[in-house]
Amino acid sequence: MLSLLIALPLLGTLIVALLPEKHGRLTGRAIAFTVAILSFVWSVLLGFKFDAELTSLQFVENLPWIAQLGLSYRLGLDGLSLPLVVLNGLLTWIAVYSTDPDIQRPRLYYSLILLLNAGVVGAFLSHNLLLFFLFYELELIPLYFLIGIWGGARRGYAATKFLIYTAFSGVLILAGFLGVVWLSGADSFEYNPALAASLPLSSQFLLLGTLLVGFGIKIPLVPFHTWLPDAHVEASTPVSVLLAGVLLKLGTYGLLRFNQGLFPEAWAIAAPYLATWAVVSVLYGAFTAIAQKDMKKMVAYSSIGHMGFILLAAAAATPLSNLGAMFQMVSHGLISALLFLLVGVVYKKTGTRDITVLRGLLNPERGLPLIGSLMIAGVMASAGIPGMMGFISEFLVFRGSFPVFPVQTLLSMVGTGLTAVYLLLLVNRTFFGRLPDQFSNLPRVEWRDRIPGIILTVLIILWGLQPSWLVHWSETTLTAMLTGPGAIATTPLVTPSTTSPKTSLKVL
Amino acid sequence: MNMVSTRDRITSEHPLASLIYRIEEGGALLPESPDNVVEVVGILKSYGHVLDAYWQNLVYIADHQFLELFPFFKYFNGDVSTKKLLRHWWHDRINYEFAEYCMKAMLYHGGGGLDSYLDSPEFTQRAQAAGQAKLKGNFLMSGVTKAFPGFLPEQIRQLCYYSALGQFWEVMSSMFLVLSDRYDRGEIHSINDVVQHVKNGLVEAASKPITYTVMIDGKPYDIIPKSAGLTFLMDTAVPYVEAVFFRSFPFMGTVSYNAQAQQISPEPERFNYGALYADPLPVGGAGIPPTLLMQDMRHYLPDYLHEFYQHSLRGEEDLRVHICISFQKSMFCVTTAAILGLMPHPVDTTDPQERQTNRTYLEGWMNRLVDSRLVSLQDCGV
């Protein structure tokens with residue numbers, strides 16, 4: 001069942017790539033669109049069939065592959081990967097839908113998008129360390145080309161920088177996985193939370209540090225973040241949507257699954273430093289975002305800040321904070337995708353993203369009123385206004401982390417305040433005031449530009465009002481991750497009023 | 001007409017000198033272009049229909065809602081039905097509020113013989129008589145009137161403006177619809193033809209008397225008798241142009257201002273928030289008066305003008321902006337007609353003294369138009 005999620009986009013990639021050139025534009029788009037829809041629908045159906053009460057992996061598929069290397073084709077779904085798989089399906093569909101129908105070299109473009117989808121979903125489903133690494137590397141190739149071919153003026157520089165950073169990240173991850181398996185004496189790369197439990201603490205620290213930097217580059221955490229703003233600025237809108245919405249989540253997923261999951265003992269000792277690192281990322285991202293003049297760069301730095309919340313929550317490693325981390329991944333995926341989509345529409349219609357030049361775009365007659373309204377909604381969600389997903393995720397993160405790291409949590413909350421500052425600056429400068437004469441003849445906004453933004457906004461509000469529809473998938477898994485073999489022993493400075501995450505959620 | 005030739009031209013240092021020359025040479029404030037003719041005639045046809053509805057309602061209010069202190073159904077012209085009420089609330093209707101806004105602009109800024117007459121003892125006497133007749137037996141209102149003696153005359157002054165503006169627009173509405181008919185018959189080819197049509201219409205109606213009589217209990221009460229000598233051109237048209245085209249009011253949403261910082265002139269004669277200055281791009285907020293007029297005109301656009309607007313980048317989406325720009329173009333034609341109609345000497349005079357007087361007169365108008373939308377409409381584009 002799970003293989004279909006990988007096979008469908010791979011098959012789509014092959015078909016689109018082999019299409020005759022004259023059919024590339026329309027048929028290629030139609031095929032990519034259909035495959036993306038089918039993958040998304042299939043992932044949702046799996047979500048309905050998923051038993052949220054089970055702690056074990058579900059829909060497991062295990063096929064031997066290269067036994068000598070310890071590589072097996074082992075897939076499985078749990079509460080941590082399911083929301084990300086669904087998110088990947090949704091955002092791939094949105095990326096295909098929001099692609100300019102007249103895009104150059106359509107066959108290559110759509111096949112790379114589908115290949116990217118297959119790589120990402122494969123990584124989320126893999127329960128073999130080597131298989132995860134293969135999929136992790138697989139997504140790197142299409143993304144490099146997507147930035148390098150269809151990007152902006154400095155696309156070559158941005159794509160190469162992205163490639164160097166993430167390839168290095170891959171090398172570190174591979175080194176970490178090899179180290180875990182070799183040092184533990186395991187005979188395969190099959191994922192097992194107890195794999196590193198027998199290792200001496202010094203080895204655990206070494207491996208944890210290696211993987212942390214590896215995934216830290218992907219997330220990205222300061223100071224490994226410099227590839228991200230360049231990649232976002234140069235990437236086309238659909239690629240930015242996938243990059244911010246899904247690709248970064250591979251890093252945070254790895255943080256929870258492989259760092260927190262494999263090295264609970266070392267993680268617990270390193271946790272205070274990780275929480276402090278999170279604060280640095282949050283505040284650095286926020287302050288740098290304030291200084292930006294390019295809308296896209298501002299949203300990109302905002303992503304760096306918001307990814308810091310996930311590290312904070314993961315460091316705290318309480319059931320509630322882990323739930324917050326997962327919710328923040330989905331929430332950030334939807335909100336940043338929305339913001340990048342809207343920035344893309346603004347750029348497409350006005351030809352600039354410079355907030356010192358743009359003004360009055362909320363003008364009801366000749367501006368972009370609906371796009372502006374959605375942007376305000378997105379900004380509110382990102383700033384954590386109640387009633388939207390951003391609030392729930394940040395509340396869960398802070399509520400879950402505060403008992404363990406009160407100072408770091410409070411400092412991170414300052415970052416939330418700063419989010420409101422820079423995003424309001426963006427909205428105020430760009431959308432309010434009188435539309436300047438130079439923008440008084442903007443082309444009309446098509447419904448094709450509006451529909452993805454509307455869908456994302458509806459989801460952000462829906463899950464903001466009814467978060468339990470999402471968290472019920474993950475609660476059991478995330479709690480089990482902390483109570484399973486070698487559970488994390490971070491000591492809360494203040495004991496939470498309840499120990500069960502389910503009861504804790506009642507505060508919502 | 002023997003116009004001033006370029007060679008004989010007296011040089012002007014005025015920032016709008018080119019427009020002064022154009023008028024002296026027989027042109028208009030709006031440049032000649034086929035597109036401008038389509039826009040101006042088309043929008044005046046639509047405006048004529050809207051004014052027709054406006055004037056009938058203004059006259060209805062003046063005549064039939066006289067001293068009705070709670071005129072709930074004043075926009076229904078006496079025909080109240082559930083269907084009309086629902087349509088009213090749905091706002092798919094003529095926004096009579098705009099007509100009242102123009103009336104209040106005239107009341108506030110005053111000017112002309114009507115303003116003077118409304119301050120005269122004759123008016124006070126006639127207003128009192130009508131007021132007493134209307135409020136006979138109404139002890140509550142009689143008491144209020146005694147406590148606030150200025151209240152009733154002020155209400156009746158306002159009703160006089162309802163009536164006067166209604167009578168003014170009755171003439172203008174017909175004038176614009178006839179213009180459109182002439183265009184449809186192929187008699188109007190240029191902006192100059194439009195200006196000439198309006199000028200002739202103004203001159204023809206110039207001495208039309210403005211009067212106001214109300215019937216109370218079957219007995220007529222002359223509030224503005226014919227003997228007051230008020231006429232169409234000098235007592236309604238000229239004050240209307242001053243109040244609505246030039247001055248008007250600062251409205252939040254159309255103009256950004258900080259009254260505490262004295263960004264609004266304390267002298268109403270220095271206001272320049274009128275139709276000729278209005279920003280066609282609404283900054284925000286709904287229901288602001290200029291938007292209401294554009295909304296109303298949208299219902300009556302002739303097909304050829306609607307088709308013309310479809311060729312723009314946004315088509316239907318920014319229709320009201322296009323309507324506003326066309327409307328401003330048409331109002332500059334009306335202003336040209338007013339300028340020509342009120343000119344001290346014929347525009348084609350060859351007498352140097354008269355030409356100098358005309359020049360001074362034109363520079364006076366242009367001083368007021370420097371900050372208007374006139375300059376932005378010179379490139380024949382939107």
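Over all chains, 42 aromatic pairs turn up in this structure, which is a predicted model. One of them joins A:Phe215 and A:Phe258 in a stacked arrangement, with ring centres 6.0 Å apart and 10° between the planes. A:Phe215 belongs to helix 7 (residues 201-218) of chain A and A:Phe258 to helix 9 (residues 237-262) of chain A, so this pair ties together parts 43 residues apart in sequence. From the rings, this briefing moves on to the interface, a helix of chain B, and some backbone features.

**Aromatic rings**

- A pair of aromatic rings is described by two quantities, the distance of the centres and the angle of the planes.
- Both partners of the chain A pair are buried: A:Phe215 has a relative accessibility of 0%, and A:Phe258 has a relative accessible area of 2%.
- In chain B, the rings of B:Phe70 and B:Phe72 also form a pair, and it counts as stacked because the planes meet at 20°, with the centres 6.4 Å apart.

**Where chain B meets chain A**

- The contact involves 15 residues of chain B and 16 residues of chain A.
- Between them, the two chains bury about 1,400 Å², and 41% of this lies on carbon and sulfur atoms.
- Which residues of chain B lose the most area to chain A? They are B:Leu281, B:Leu313 and B:Arg314, which together account for 45% of what the chain B side buries.
- Four salt bridges are counted between chain B and chain A. B:Asp318 forms a salt bridge with A:Arg366, and their closest N and O atoms are 2.6 Å apart.
- Polar contacts across the interface of chain B and chain A come to 10 residue pairs, with both residues at pLDDT 80 or more.
- Sorted by class, the side of chain B that touches chain A consists of eight nonpolar, two polar and five charged residues.

**Helix 1 of chain B**

- Helix 1 (residues 17-24) of chain B is largely enclosed by the rest of the structure, because six of its eight residues are buried.
- The buried residues in helix 1 of chain B are B:Ala17, B:Leu19, B:Ile20, B:Tyr21, B:Ile23 and B:Glu24.
- What do these buried residues pack against? Their partners are helix 13 (319-342) and helix 14 (352-369) of chain B.
- Just after helix 1 of chain B comes B:Gly26, which takes a positive phi of about 95°.

**Helix 7 to helix 8 in chain A**

- Most peptide bonds are trans, and most residues other than glycine have a negative phi.
- The peptide bond joining A:Ile219 and A:Pro220 is cis, with omega about -5°. A:Pro220 sits in the loop between helix 7 and helix 8 of chain A.
- Another cis peptide bond joins A:Val222 and A:Pro223, where omega is about 10°. A:Pro223 is likewise found in the loop between helix 7 and helix 8 of chain A.
- A:Asp230 is part of helix 8 (residues 227-234) of chain A, and this charged residue is buried, with a relative accessible area of 13%.
- Leaving aside residues up to four places away in sequence, A:Asp230 touches A:Arg154, A:Tyr157, A:Ala158 and A:Lys161.

- B:Asn77 has a phi near 50°, a positive value in a residue other than glycine. B:Asn77 lies in the loop between helix 2 (34-64) and helix 3 (82-90) of chain B, where it is partly exposed with a relative accessible area of 30%.
- B:Ser248 is not a glycine either, yet its phi is positive at about 50°. B:Ser248 lies in the loop between helix 10 (232-247) and helix 11 (289-298) of chain B.
- Is B:Ser248 buried or exposed? At 1% relative accessibility, B:Ser248 counts as buried.

Notes:
Residues are numbered from 1 along each chain as its sequence is written. Chains are lettered from A and ligands numbered from 1 in the order in which they are written. This is a predicted model: local features need pLDDT of at least 70, side-chain atom pairs count only at pLDDT 80 or more; totals for chains, interfaces and linings use all residues. Side-chain values use heavy atoms; hydrogens and water are left out. Contact means heavy atoms within 4.5 Å. Buried area is the accessible area (1.4 Å probe) that two parts lose on being put together, summed over both. A salt bridge is a side-chain nitrogen of Lys or Arg within 4 Å of a carboxyl oxygen of Asp or Glu. A polar contact is a pair of N or O atoms within 3.5 Å; within protein, one must be able to donate a hydrogen and the other to accept it, and residues adjacent in sequence count only if both atoms are side-chain atoms. Rings of Phe, Tyr and Trp (its six-membered ring) pair if their centres lie within 6.5 Å; planes under 30 degrees apart count as stacked, over 60 as edge-to-face and the rest as tilted. Helices (H or I, at least four residues) and strands (E, at least two) are DSSP runs, numbered from the N terminus. Buried means under 20% relative accessible area, exposed over 50%, partly exposed in between (1.4 Å probe, protein chains only).
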